[in-house]
Amino acid sequence: QDKGPKMTEFWLISAPGEKTCQQTWEKLHAATTKHNNLSTNSKFNIPDLKVGTLDVLVGLSDELAKLDAFVESVVKKVAQYMADVLEDSKDKVQENLLANGGKDGFEKDVLEKWQAKHEFSSSSSDTVPFPFIFKGVNQIDNDLKARASAYNNLKGNLQNLERKNAGSLLTRSLADIVKKEDFVLDSEYLVTLLVIVPKVNYNDWVKQYETLAEMVVPRSSNVLFEDQDSYLCNVTLFRKAVDDFKHKAREYKFLVRDFQYNEEEMKADKEEMNRLSTDKKKQFGPLVRWLKVNFSEAFIAWIHVKALRVFVESVLRYGLPVNFQAMLLQPNKKTMKKLREVLYDLYKHLDSSAAAIIDATMDIPGLNLSQQEYYPYVYYKIDCNLLEFK
């Protein structure tokens, strides 16, 4: 049984073929499982690609490093946006995206079956299907920008409307609170005002409101709504007494809200909110499906790039004829240091300068090529921790 929790990272490594590539694989497998399971391993078969000149390979190595960074950024963008759209706990999203594979989870499934998806076209004159990968992933990136922008716009407008309908009585929209019968409408002389009365001053209101100005209609005030701190009350009075009433009310901490009862406007607001809400629901399902499908596409493209990097790097390091075994390791979290040591012992003979490099504390120029740690074997990390945990 495996010891320790599984990592969300994989190590894609390669070593030269011994008498046979099978032997290379068996040796690694035995070494990592001897003490206890330091990692879960599988073969990672890379088809033979055409090998150009050394110059071409060195150029490819640089191009692939850039492509790798780009594709990884798109994979992570799609995953992060999925988290935003689901407005869900982040771990659920990560699981969702990575679990549509076999019993071992999505990454393992993709990594082991990745060749089936895009067999390299052996008739191609290119060494690698570069433009094909870049074009596909670039398309996903552009589509994501367009879709995210449209959906965020919708979400933003809806949130603004929702915000208008929430908050304290001093600022929130009153359209969904008041009814027609709370007002005296279409009167030449009378008008109904809405007043915010702090709860602590409510008794004062009941006692005072009829006398705050002349010409207030007796017993015309009712509580229409309350929030934590205040009541919303209506009161009817003669139009010409309004300014006087507002002024006097302020002294008692009663605040008259500017509000015109307008059925058309209120109806339009409500309809707009329903429309936005319906639109958001309509777009949600297709958007989530698009994100899942394109996450999968981008992820597989990313593994492609890693595979190509392993191929190019292995030929550059181990020479021709092409003879190496690529292997996929999923390290156990608690024994990663031990796994590094085992791999080092296994492969240090590949690089006479490796011993000096491993022990050196100083920075060696050119060693941290594109932040890639240097080991005597070819090594690329695939970090499947896709979300920025905020």
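**Leu 291 and the cores**

I started at Leu 291, which touches Val 78, Tyr 81, Met 82, Val 85 and Leu 144, not counting residues up to four places away in sequence; contact here means heavy atoms within 4.5 Å. The model is predicted, so local features need pLDDT of at least 70 and side-chain atom pairs count only at pLDDT 80 or more, while totals for chains, interfaces and linings use all residues. Residues are numbered from 1 along each chain as its sequence is written, and side-chain values use heavy atoms, with hydrogens and water left out.

Next I looked up the largest nonpolar core, and found 70 residues in it. Leu 291 is listed among those with the most contacts inside this core, along with Ile 13, Leu 28, Val 71, Leu 343 and Tyr 347. Helix α8 (residues 263-318) gives the most to this core, with 18 residues. I also noted a second, separate core of 19 residues, which includes Val 197, Tyr 209, Cys 233 and Leu 237. For my own reference, a nonpolar core is a set of buried Ala, Val, Leu, Ile, Met, Phe, Trp, Tyr and Cys residues joined through side-chain atoms within 4.5 Å. Buried means under 20% relative accessible area, exposed over 50%, and partly exposed in between (1.4 Å probe, protein chains only).

**The chain as a whole**

I counted ten helices and eight strands in the protein chain; these are DSSP runs numbered from the N terminus, helices being H or I with at least four residues and strands E with at least two. Of the 390 residues, 43% are buried. Taking contacts between residues at least 6 apart in sequence, I see that 80% join residues at least 24 apart.

**The four-stranded sheet**

I then traced an open sheet of four strands in the order β2-β7-β1-β8, with antiparallel pairing; two strands pair if DSSP finds at least two bridges between them. β2 (39-43) and β8 (378-383) stand at the edges with a single partner strand each, so one side of each is left without a neighbour in the sheet. The twist averages 25° from one strand to the next. Axes are lines fitted to C-alpha atoms, for helices over the stretch in contact, and angles run from 0 to 180 degrees between N-to-C directions.

Strand β1 (residues 9-16) is joined to β7 by six bridges, and Ile 13 stands opposite Met 327 in β7. Helix α8 lies across β1, β7 and β8, running at about 165° to β8.

Gln 325 is buried, with a relative accessible area of 6%. Leaving aside neighbours within four places in sequence, Gln 325 has contacts that include Ile 13, Trp 25, Lys 43 and Phe 44.

**Backbone spots I flagged**

Pro 321 is in the loop between α8 and β7, and the peptide bond from Leu 320 to Pro 321 is cis, with omega near -5°. Just after α2, I found Glu 87 with a positive phi of about 45°.

Asp 186 has a phi near 55°, positive in a residue other than glycine. I placed Asp 186 in the loop between α5 (130-164) and β3 (190-198), where Asp 186 is exposed, with a relative accessible area of 82%.

Met 215 is not a glycine either, yet has a positive phi of about 65°. Met 215 is in the loop between α6 (202-208) and β4 (222-226) and is partly exposed, at 35% relative accessible area.
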